[in-house]
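The following exercises are to be worked with the sequence and the structure at hand. Each task is followed by a solution in steps.

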Amino acid sequence: MESDLYDSYFQSLVAGDRRACRQIILGLLETDIDIKTLYLSYFQKSLYAIGDLWAANKITVAVEHMATAITESLFPLVYPRIFMADHCGKKAVISCTANEYHQIGGKMVADVLELNGWDTIFLGANTPLQSLLDFIDTNQPDMVGLSLSLQDNMPNLLTAIGKIRDRHPELSIIVGGQAFSFAASEVLKPTEHVHLIRSFSELEGYIQADAYAT
Amino acid sequence: MRPKSVDNVNARFLNDFAEMIYLRLDNSGRILEANNFAKATLQPNPVGLNFSEIFVAFTQTIDPLQAAQNEMTHVPASVNTCADLPRTFFFSFFKVTEGVDVYGEASGTEVLTLQKTLIETNNELSNMTRQLQKNNSELQKLNDIKNQFLGMAAHDLRNPIGAIIAYSDFVMDEAKSLTDEQKEFLSIIKNSSNYMLKLLDDLLDFSKIEAGKLGLDLSRCDYVNFVKRVVKLNSAIAAKKHIQIILNVHEVIPELDFDSIKIEQVLNNILSNALKYSLRNTTVVVNMFMSGDFVTVEVRDQGVGIPKDKIDLIFQPFTRVSKQGTEGERSTGLGLAIVRRIVLGHRGRIWVESSEGEGSTFYFTLPVVAKE
């Protein structure tokens, strides 16, 4: 049963049993599970649930960090399938803003882009704005993705968007992350060519739109 | 705040579970007791040491008795820990009847900083792993393309080369009407074409193996008779250079499961190399013997040998130690790379010992019990 398997995965994650989590994910990969399903139904679902437990003061922040670290350690199991897709010639830079330490969402977005043939560079958590800007200048991507988990970091995100836009007026920017579960998309209104992405299907719809046809 | 009485439940908690250092000192500063946390954290075990000995670069003089009398609390100091890293604790001193009780609380800021550093390091490692894996996949794709190209090129070139060889033979059959110079030219065309064919066959083999298509067809054979037959075939070639091949079978060798076509390719390659790089009037010795659960075939020549700095390279593709044999024989530079993969495919081993100017000895093993 799929739900039993998820429950088993979740219990192992909370208990810090990395080996059990690894075995479950390896088993799922052997059944040829769709990568996006794996990301959404296991990685995202479990981490959101752990976030809720932490918010309800039922687990400590240490358990949350441990669960995140275990999840991070499971990504390499998926990579052989992620990186074998043929490239479509498009390049994206995916990053978290300064002070944003939750990077798993951004990493999943980068991986889904890879599955769609994009060449992605994932800069990870807490990327200083200047480094991000320099990196964009050097690598000239077709798209930049910024991930935001904590609403407190919204000003950093808006600053980053503004600075990127100053240098690259036409560059497409996508944003997403848990911060937008609570924030109205109005916060992005003053910005141009910025697209809020709420799901993998939205992401795939966006990159497959005419603007990105190869 | 210091617990008023350290007994019963409190004492057990303090000793067994509390994540803080607790030390009982005598009035001279000698450590009489330490709780589990202190024993697990401090290096070395603090019991029996003087209080001043547990600190890193102890510059601040703290007399614990005096500190207790002055009711000093939250004095920061770094101690030696089992992790070989100094760690800061905030020490408080309390006078008790038997001496002094010392409590050390971990620095909250330090813990948070370490935690943050750990998360950052983990993230960085994870991202580097991703990039490495991505680069690795790119290299794998390029390698696949290279092998595909090699396979296609070799396959497509094989037919025209075959035609050149066949038509050279037809013309050679008309040798009566040819001048000596024309015969020599035809001979060069044929030899070069044969070399090209061998090179293409090796390229095809190599690209198939690289693409994971080694495809072994294992069947049970009398290994000794098999080796005898291959040695006999090579003896005819050896005779042209007046080289003698001697086969010694040192013990009873069981029948083995192996791919006879592929292993013949292995033995032919090793023997032809031995002949190629040997001088006239020398001997090549082939020994067969058991090595535990494996049968070893040893091919020892008295040839030119392999320079020390090249030994590690000879099983790599396109790395020939010498371009030509002692009498101008040519090689493709792929033979030993193919041979190695065939032997590994049988779960055997292959290696070489050599001394420049004295000769080389190649060994390869096959398991008595083959595993799919």
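**Exercise 1.** Which residues have the most contacts inside the largest nonpolar core, and how many residues does this core have?

*Solution.* The model is predicted: local features need pLDDT of at least 70, side-chain atom pairs count only at pLDDT 80 or more, and totals for chains, interfaces and linings use all residues. Residues are numbered from 1 along each chain as its sequence is written, while chains are lettered from A and ligands numbered from 1 in the order in which they are written.

Step 1. Apply the terms. A residue is buried if 20 or more other C-beta atoms lie within 10 Å of its own, exposed if 12 or fewer, and partly exposed in between, with C-beta atoms placed from the backbone. A nonpolar core is a set of buried Ala, Val, Leu, Ile, Met, Phe, Trp, Tyr and Cys residues joined through C-beta atoms within 7 Å.

Step 2. The largest such core has 49 residues, and Cys21(A), Ile94(A) and Val109(A) have the most contacts inside it.

Step 3. Locate the core. Domain 1 (2-82) and domain 2 (91-212) of chain A both contribute residues, so the core lies between them; the domain bounds come from an automatic or database domain assignment.

Step 4. Examine Val109(A). With neighbours within four places in sequence left aside, Val109(A) is in contact (C-beta atoms, placed from the backbone, within 7 Å) with Ile94(A), Gly145(A), Ser147(A), Gly176(A) and Leu203(A).

Step 5. Another core, of 40 residues, lies apart from this one; Ile209(B), Leu271(B), Ile338(B) and Ile342(B) are among its members.

**Exercise 2.** Determine the strand order of the open sheet in chain A, and explain why β2(A) and β5(A) each have one side without a neighbour in the sheet.

*Solution.* Step 1. Strands (E, at least two residues) and helices (H or I, at least four) are DSSP runs, numbered from the N terminus. Two strands pair if DSSP finds at least two bridges between them.

Step 2. The 5 strands are ordered β2-β1-β3-β4-β5, with parallel pairing. Because β2 (119-124) and β5 (194-196) stand at the edges with a single partner strand each, one side of each lacks a neighbour in the sheet.

Step 3. On average, neighbouring strands are turned by 20° against each other, direction ignored.

Step 4. Between β3(A) and β4(A) there are 5 bridges in the parallel sense, and Leu146(A) has Val175(A) as its bridge partner in β4(A). The chain passes from β3(A) through helix α7 (residues 154-167) to β4(A) in a right-handed β-α-β crossover, that is, clockwise from the first strand over the helix to the second, with the strands pointing away from the viewer.

Step 5. Strand β4(A) (residues 172-176) is joined to β5(A) by 3 bridges. Ile174(A) has His195(A) as its bridge partner, and Ile173(A) stands opposite Val194(A).

**Exercise 3.** Is helix α8(B) mostly covered or uncovered, and what covers its buried residues?

*Solution.* Step 1. Of the 11 residues in α8(B) (335-345), 9 are buried, and the helix is mostly covered. Among the buried residues are Gly335(B), Ile338(B) and Ile342(B), together with Arg340(B) and Arg341(B).

Step 2. The covering elements include α5 (180-210), α7 (260-276), β11 (350-355) and β12 (359-367) of chain B.

Step 3. After the helix comes Arg347(B), with a positive phi near 65°.

**Exercise 4.** Which element of chain A gives the most residues to the side that touches chain B?

*Solution.* Step 1. The contact takes 13 residues from chain A and 11 residues from chain B.

Step 2. Both α4 (61-82) and β2 of chain A supply at least two residues of that side of chain A. Helix α4(A) gives the most, with 6 residues.

Notes
Two residues are in contact if their C-beta atoms, placed from the backbone, lie within 7 Å. Axes are lines fitted to C-alpha atoms, for helices over the stretch in contact, and angles run from 0 to 180 degrees between N-to-C directions.
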